[in-house]
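Thanks for coming. I will go through one chain, and I will keep to what was computed from the coordinates.

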Amino acid sequence: METTFFLKGLIIGFVIAAPVGPIGVLCARRTLIFGRRAGFFSGMGAATADSIYGFVAAFGLTLVSDFLIGHNAFLRLVGGSLLCILGIKAMVTVPSLKHDYPKSFQKFAGMYTSTFFLTLTNPMTIFSFAAVFAGFGLAGVRGSILSSGALILGVFLGSALWWVFLVGVFSLFRKRFHSHELRWVNLISGIIFIASGILALLSLKW
């Protein structure tokens with residue numbers, strides 16, 4: 001039974017993470033600018049947030065989900081503002097191939113944290129998980145602690161698998177990019193971040 005729960009979680013985590021949005025663009029940009037490790041830690045932040053939302057959706061933690069949905073406006077405000085800040089920062093940053101790898105643990109921790117909170121500030125992800133879990137017959141699942149743990153671990157690893165794949169693909173093209181091309185990467189990704197942030201802010205319903 002634990003294996004079945006794990007495999008279902010693995011598929012669900014991959015399916016939820018796969019659609020490319022602002023987080024995917026952010027991970028791709030960091031991979032191209034800073035290297036594989038930067039993209040990897042960014043992806044793991046998103047995978048961690050996905051596993052939390054998966055846990056809430058799977059086990060019907062209404063207190064948590066009601067709190068997140070009830071504070072939807074505030075979370076969108078935070079997420080939209082953060083996207084706009086990241087977009088402006090990306091657009092004004094001049095990439096340099098000589099100083100492309102962040103060396104400190106704090107840098108990687110910051111990348112992990114930023115994608116974690118960006119993913120977490122979208123409470124609508126709960127509904128995505130709830131719909132997929134219902135399709136797999138896992139909504140409100142009741143099982144042993146081991147089965148529950150296998151399910152959530154599967155969600156995390158499924159999401160992580162997508163991010164590792166995405167980072168791997170973009171890392172293959174990284175050596176082909178020069179400074180002027182990376183400048184265009186910054187400009188285009190910055191525009192996407194700002195546009196996504198503005199859309200999030202415009203969707204606010206107080």
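In which helix is the place of Gly-158? Gly-158 sits in helix 8. Before going on, some ground rules: this is a predicted model, where local features need pLDDT of at least 70, side-chain atom pairs count only at pLDDT 80 or more, and totals for chains, interfaces and linings use all residues. Residues are numbered from 1 along each chain as its sequence is written, and side-chain values use heavy atoms, with hydrogens and water left out.

On confidence, pLDDT is the predictor's confidence in each residue, from 0 to 100. The chain's mean is 79, and 77% of its residues reach 70 or more. Where pLDDT is low, the predicted coordinates should not be read in detail.

The chain has 9 helices and 0 strands. Helices here are DSSP runs of H or I with at least four residues, strands are runs of E with at least two, and numbering starts at the N terminus. Of the 206 residues, 46% count as buried, meaning under 20% relative accessible area; over 50% is exposed, and in between is partly exposed, with a 1.4 Å probe and protein chains only.

Back to Gly-158: its relative accessible area is 0%, so it is buried. Leaving aside neighbours within four places in sequence, Gly-158 is in contact with Leu-10, Gly-13 and Phe-14, where contact means heavy atoms within 4.5 Å. Gly-158 and Phe-6 are 152 residues apart in sequence, yet 9.6 Å apart C-alpha to C-alpha.

Next, how do helix 2 and helix 8 cross, left-handed or right-handed? The axes of helix 2 (residues 22-34) and helix 8 (residues 145-174) come within 9 Å and cross at roughly 40°. That makes helix 2 oblique to helix 8; under 35 degrees would be roughly parallel, over 145 roughly antiparallel, 65 to 115 roughly perpendicular, and the rest is oblique. The crossing of helix 2 and helix 8 is right-handed. Residues making the contact include Cys-27 and Leu-32 of helix 2, and Trp-163 and Phe-170 of helix 8. The contact residues divide into 10 nonpolar, 3 polar and 1 charged.

Last, Arg-29, also placed in helix 2. Arg-29 counts as buried because its relative accessibility is 9%. Not counting residues up to four places away in sequence, Arg-29 touches Phe-34, Ala-90, Thr-93, Val-185, Asn-186, Ser-189 and Phe-193.

How values were computed
Axes are lines fitted to C-alpha atoms, for helices over the stretch in contact, and angles run from 0 to 180 degrees between N-to-C directions. A crossing is left-handed if the near helix is turned anticlockwise from the far one by less than a right angle, and right-handed if clockwise. Ala, Val, Leu, Ile, Met, Phe, Trp, Tyr, Cys and Pro count as nonpolar, Asp, Glu, Lys and Arg as charged, and the others, Gly among them, as polar.
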